[in-house]
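Here is a report on one chain.

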Amino acid sequence: MINTKSLLQEQAYNTIKEMILSGELKPDTLYSETRMAAQIGISRTPMREALQCLAQDGYITVIPSKGFTIRQLSEKDMMETIQIRCALEGFCVQFIASEIESRKGAALLNKLEKLLEKQEKSLTARDFPKSFMDYDHEFHLLLIHYVDNSEITHLFQRLMYLIHLTTRAALSVPGRVQATLDEHRQIYECLKDGDGDGAYRFMIAHLMLPLNMKIPV
């Protein structure tokens with residue numbers, strides 16, 4: 001049973017996370033733990049616990065006795081995040097392709113096909129580019145979750161904020177949005193054909209592009 005303390009911690013975590021993703025909290029600003037707790041309307045203990053979780057998940061940097069700052073993307077962060085994703089998602093697509101003819105594999109293909117349709121429609125949606133990025137993340141999460149490995153899922157989840165920052169930077173490059181959708185389709189087609197090696201090659205090329213394009217951070 002979830003107790004009141006954990007509910008308050010979860011509330012603070014989700015609230016601050018949304019403030020970060022929406023841009024309400026800005027980089028290069030030192031935020032007070034006490035003031036943030038008062039703003040959200042909780043005590044300092046669940047706030048402190050929420051900040052520890054946010055720091056573990058890569059959203060913030062806690063500065064002892066002072067507060068916290070929003071984590072910014074560095075070239076090293078981008079490189080390391082992409083390298084880890086290549087290892088995880090490269091394995092996932094080969095694993096998926098090896099059993100794509102199973103009922104579970106067919107269900108995944110159905111989800112991916114519908115998701116790609118939504119992602120294409122999001123190109124002209126009023127909430128673009130946010131919706132496009134949400135579908136981008138969902139595409140990759142479907143592949144990660146398929147394997148049903150709690151350690152892989154946990155590791156990927158801890159990268160989500162850096163993935164968000166990397167994706168946002170990459171999609172700002174002219175032509176990259178349409179190219180991203182095309183690459184997702186290529187990965188999908190390889191999985192549909194049970195071509196694990198092809199899916200792996202397309203996935204690695206897809207993930208490595210931000211490094212190859214030398215996107216400024």
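Where is Asp 28 found? Asp 28 is found in the loop between α1 and α2 (33-40). Helices here are DSSP runs (H or I, at least four residues), strands likewise (E, at least two), both numbered from the N terminus.

**Model and confidence**

This is a predicted model, in which local features need pLDDT of at least 70, side-chain atom pairs count only at pLDDT 80 or more, and totals for chains, interfaces and linings use all residues. Residues are numbered from 1 along each chain as its sequence is written, and side-chain values use heavy atoms, with hydrogens and water left out.

The pLDDT is the predictor's confidence in each residue, from 0 to 100. The chain has a mean pLDDT of 93. In the chain, 96% of residues reach 70 or more. Among the elements, helix α1 (residues 4-21) has the lowest mean pLDDT, 87. Helix α5 (residues 103-121) has the highest, 98. Where pLDDT is low, the predicted coordinates should not be read in detail.

Most residues other than glycine have a negative phi, and most peptide bonds are trans. Asp 28 has a positive phi, near 65°. Its relative accessibility is 67%, so Asp 28 counts as exposed (buried means under 20% relative accessible area, exposed over 50%, partly exposed in between; 1.4 Å probe, protein chains only).

Ser 65 also has a positive phi, near 65°. Ser 65 is found in the loop between β1 (60-63) and β2 (67-70). At 83% relative accessibility, Ser 65 counts as exposed.

The peptide bond between Phe 128 and Pro 129 is cis, with omega about 10°. Pro 129 sits in the loop between α5 and α6.

**Helix packing**

Two packed helices are described by the angle between their axes and the distance between the axes. Axes are lines fitted to C-alpha atoms, for helices over the stretch in contact, and angles run from 0 to 180 degrees between N-to-C directions. A crossing is left-handed if the near helix is turned anticlockwise from the far one by less than a right angle, and right-handed if clockwise.

| Helix pair | Axes come within | Crossing angle |
|---|---|---|
| α6 (residues 130-147) and α7 (residues 150-158) | 8 Å | roughly 155° |
| α4 (residues 75-98) and α6 | 9 Å | roughly 65° |
| α4 and α7 | 11 Å | roughly 145° |

Take α6 and α7. Their crossing angle is roughly 155°, and α6 and α7 are therefore roughly antiparallel to each other. Angles under 35 degrees count as roughly parallel, over 145 as roughly antiparallel, 65 to 115 as roughly perpendicular and the rest as oblique. The α6 and α7 crossing is left-handed. On the α6 side, the contact (heavy atoms within 4.5 Å) uses His 140, Leu 141, Ile 144, His 145 and Val 147. On the α7 side are Ile 152, Thr 153 and Phe 156. By class, this contact of α6 with α7 has five nonpolar, three polar and no charged residues. Ala, Val, Leu, Ile, Met, Phe, Trp, Tyr, Cys and Pro count as nonpolar, Asp, Glu, Lys and Arg as charged, and the others, Gly among them, as polar.

Now α4 and α6. These two helices are roughly perpendicular to each other. Their crossing is left-handed. From α4, the contact is made by Arg 85, Leu 88, Glu 89, Phe 91, Cys 92, Val 93, Phe 95 and Ile 96. From α6 come His 140, Leu 143, Ile 144, Tyr 146 and Val 147. The contact of α4 with α6 divides into 10 nonpolar, one polar and two charged residues.

The crossing of α4 and α7 is left-handed. Ile 84, Arg 85, Leu 88, Glu 89 and Phe 91 in α4 meet Ile 152, Leu 155 and Phe 156 in α7. That contact of α4 with α7 has six nonpolar, no polar and two charged residues.

**Single residues**

Ile 152 belongs to helix α7. Ile 152 counts as buried, at 12% relative accessibility. Leaving out residues up to four places away in sequence, Ile 152 touches Leu 88, Phe 91, Ile 144 and Val 147. Its C-alpha atom is separated by 9.6 Å from that of Cys 92, 60 residues apart along the chain.

His 206 is in helix α10 (residues 196-212). At 7% relative accessibility, His 206 counts as buried. Among the residues that His 206 touches are His 140, Arg 176 and Glu 183, not counting residues up to four places away in sequence.
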